[in-house]
Amino acid sequence: TGNSTGNSPGNESSTPGLNCSEVTGMPEPGQAAECFPCPAGWFKNFTGPGECQRCPDADSWSGVASGNISECQCNAGFSGPNGGTCTECPLGTFKLASGPHRCEPCPSA
């Protein structure tokens, strides 16, 4: 569940990416237990303490421990650049996979 501030998922005492040295929010060996990987749909693209950031578009997603906004990819049914704005496929087109691929015309019946 998300915290009340909406800055990062998890509870307030264990914010993913917080106080982590690694870019992706993963702890280094021997690092404090407060360090967790950024969850899916979030990324952390800098080294040092800080919170994970949500992918910029509600229709995009990233894997666990993502270290760059470009890992946020548009979901199936939406098209756009990685890390950018996703647009729903227009009527008569489709896209089955996530990523920056274009929407394709539906096959003729």
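Let's see where it sits.

This is a predicted model, in which local features need pLDDT of at least 70 and side-chain atom pairs count only at pLDDT 80 or more, while totals for chains, interfaces and linings use all residues. Residues are numbered from 1 along each chain as its sequence is written, and side-chain values use heavy atoms, with hydrogens and water left out.

**The chain as a whole**

The chain has 8 strands and 0 helices; strands are DSSP runs of E with at least two residues, helices runs of H or I with at least four, numbered from the N terminus. Of the 109 residues, 33% are buried, where buried means under 20% relative accessible area, exposed over 50%, and partly exposed in between (1.4 Å probe, protein chains only).

The average pLDDT, the predictor's confidence in each residue from 0 to 100, is 77 for the chain. Over residues 1–14, pLDDT stays under 50. Where pLDDT is low, the predicted coordinates should not be read in detail.

**The disulfides**

A disulfide is a covalent bond between the sulfur atoms of two cysteines. Here the term is used for a pair of cysteine sulfur atoms within 2.5 Å.

| Pair | S to S distance |
|---|---|
| Cys-55 and Cys-72 | 2.1 Å |
| Cys-74 and Cys-86 | 2.2 Å |
| Cys-89 and Cys-103 | 2.0 Å |

The link of Cys-55 and Cys-72 is left-handed, with -80° about the S-S bond. This pair links distant parts of the chain, 17 residues apart: Cys-55 is in the loop between strand 2 (53–54) and strand 3, and Cys-72 in the loop between strand 3 and strand 4. Cys-55 counts as buried because its relative accessibility is 5%, and Cys-72 counts as buried at 1%.

Back to our opening pair: Cys-74 and Cys-86 are both buried. The link of Cys-89 and Cys-103 is left-handed too, with -75° about the S-S bond.

What about Cys-106? Cys-106 is in no disulfide, and the nearest cysteine sulfur, that of Cys-89, is 8.8 Å away. Cys-106 counts as partly exposed because its relative accessibility is 40%.

Trp-61 is found in strand 3 (residues 60–61). Beyond its neighbours within four places in sequence, Trp-61 is in contact (heavy atoms within 4.5 Å) with residues including Cys-55, Cys-72 and Ala-40. Ala-40 is 21 residues from Trp-61 in sequence, yet 6.8 Å away in space, C-alpha to C-alpha.
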